[in-house]
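Hello,

Here is the structure I promised to pass on to you. Please open it beside this email, and then read on for what turned up in it.

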Amino acid sequence: MSIALTILPDQVVLSVEPGSTILRAAHDGGVDITATCGGRGRCTSCRVKFVSGTIPPPTIMDEIQLGDGLVREGYRLSCQCRVNEPVAVQVAPALDERTFQILGTERPPGAPLPVALDAGIRKDVVQVALPKEEHDQTSDLDELVAAARVGTEDVPVDLLKTLPSALRDHQGEVTVTRFGRRLIAAEPGDTSLLKFGLAIDIGTTSVVSSLMELESGEQLASVSSLNPQAVFGGDLMSRIAFAQFDAGNLRKLQMRIIGLLNQHIEQLVSDSGVLAKWIYKVVIVGNTCMHHLLLGIDPSYVGLAPYAPVMRHPLVIPARELFLKINPEARVCLLPLVAGFVGADAVAVALATRIGDTAELRVAVDIGTNGEVLLGSRDHLWACSAPAGPALEGAQVRNGMRAALGAIDRVTVERADLRLHTIGDAPA
Ligand code: FES
């Protein structure tokens, strides 16, 4: 017999199995309750307040994490609290994303690119002969491959769907887009100047996407958000545990991040006026776990010694395989992983800083929820990784929080005076 669980403020009524935790029941019912520690009773993000029904006695974790005051007010950790009779609980207000400060990539206008851009995307205008003669047996595709000098095997089937109108709209004048030998688009008329790409960094906590013009490297728009997978666990280990818990959870994590990337794409396209079909290339970086979750790969063994990733090689796949709402044949490139949690994001740091190019020994530090340190020169490069998460997430530390409203973001010492600045000028 199932029991009614009401979750406020949205008044969602769920029918739950007796004995399931409120957190589990909420996630299964599609209600987001943030679970920074992954439901281990080690943070306070999943706290709920009982508004009706019998308040269960506090667990030891309730007492440790919430303290006497909140326990007396009727707060409990939803990951520790089981439903055994009809109850109604109020979810602690979600942290407002606007109060977070996520650093995007901002290059002053006109500043030179730190690297030479070669996206590998080429656009050429070709004149395709249209089939005219009944006695001369040919096809749209035969004529296209002859004009573009490629083989039929280089043309994806999807491209054929719009080929008839693409060839005829401008009397055979067509712009073909190539990546290597592969044709990824055939558009009517001359669109050769329109080629765009996305640079995406999927972090454990935040995700930043930028729209780039592929010839000049100019950044046209950028958008950042919190990683929506964080409600299922703030750090990598919690997220791996969540994925292991149930076969459907891995898919849930994958769909969360793909959904967010599509929201980013919509925003970038509307901010810049660029059509999504002109986005032909995407480069995605992230640590090993984020990389695997994006691809729907089981990350279980990344979380266990010897922390072996499922794959390490660079990958190029069409955008349609990841359901990204851009040109379906756009090439999505995932940089290689190094080892353990040292992933494609560390490779991106090495490439962007050219740490492996110079004779002198240099160090690059990327402090994130999962952080990496690179050390090296052109002779040798070392890398290691460690979670800085608790310090930056506010989980499992008494005096710490995320870079949100009220977090101290600047400290200056003036004579003997210590001056603090906080995000949003809110009380520290
Ligand atoms: S204490 Fe429940 S998710 Fe952290």
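How are H6 and H7 oriented to each other: roughly parallel, roughly perpendicular or oblique? Before the answer, please keep in mind that this is a predicted model.

The helix pair H6 and H7

The axes of H6 and H7 cross at roughly 130 degrees and come within 5 Å. Angles over 145 degrees count as roughly antiparallel and 65 to 115 as roughly perpendicular, with the rest, once those under 35 are set aside as roughly parallel, called oblique. H6 and H7 are therefore oblique to each other. On the H6 side, the contact is made by Arg239, Phe242, Ala243 and Phe245, and on the H7 side by Asn249, Leu250, Lys252 and Leu253. Sorted by class, this contact of H6 with H7 has five nonpolar residues, one polar and two charged.

The helix pair H6 and H8

Helix H6 (residues 236-245) also packs with helix H8 (residues 288-295), at an angle of about 30 degrees and with the axes 10 Å apart. H6 and H8 are therefore roughly parallel to each other. The crossing of H6 past H8 is left-handed. Here Leu236, Arg239 and Ile240 of H6 meet Cys289, Met290 and Leu293 of H8. By class, that contact of H6 with H8 has five nonpolar residues, one charged and no polar ones. You can find Arg239 in the contact with H8 and again in the contact with H7.

The sheet

Next, look for the open sheet of six strands, which has mixed pairing and the order S11-S10-S9-S12-S14-S13. At its edges are strand S11 (219-226) and strand S13 (315-318), each pairing on one side only. On average, neighbouring strands of this sheet are turned by 15 degrees against each other, direction ignored. Helix H7 (residues 247-272) packs on the sheet and touches S9, S10, S11 and S12, and its direction makes about 145 degrees with that of S11. Inside the sheet, S12 and strand S14 (residues 331-334) run parallel and are joined by four bridges.

Helix H9

Just after H9, arginine 354 takes a positive phi of about 50 degrees.

Enjoy exploring!

Notes:
Residues numbered from 1 in each chain as written. Predicted model: local features only at pLDDT ≥ 70, side-chain atom pairs only at ≥ 80, totals over all residues. Heavy atoms only, no water. Axes fitted to C-alpha atoms, helices over the stretch in contact; angles between N-to-C directions. Helix = DSSP H or I, 4+ residues; strand = E, 2+ residues; numbered from the N terminus. Left-handed = near helix turned anticlockwise from the far one by under 90°. Contact = heavy atoms within 4.5 Å. Nonpolar A, V, L, I, M, F, W, Y, C, P; charged D, E, K, R; others polar. Pairing = 2+ DSSP bridges.
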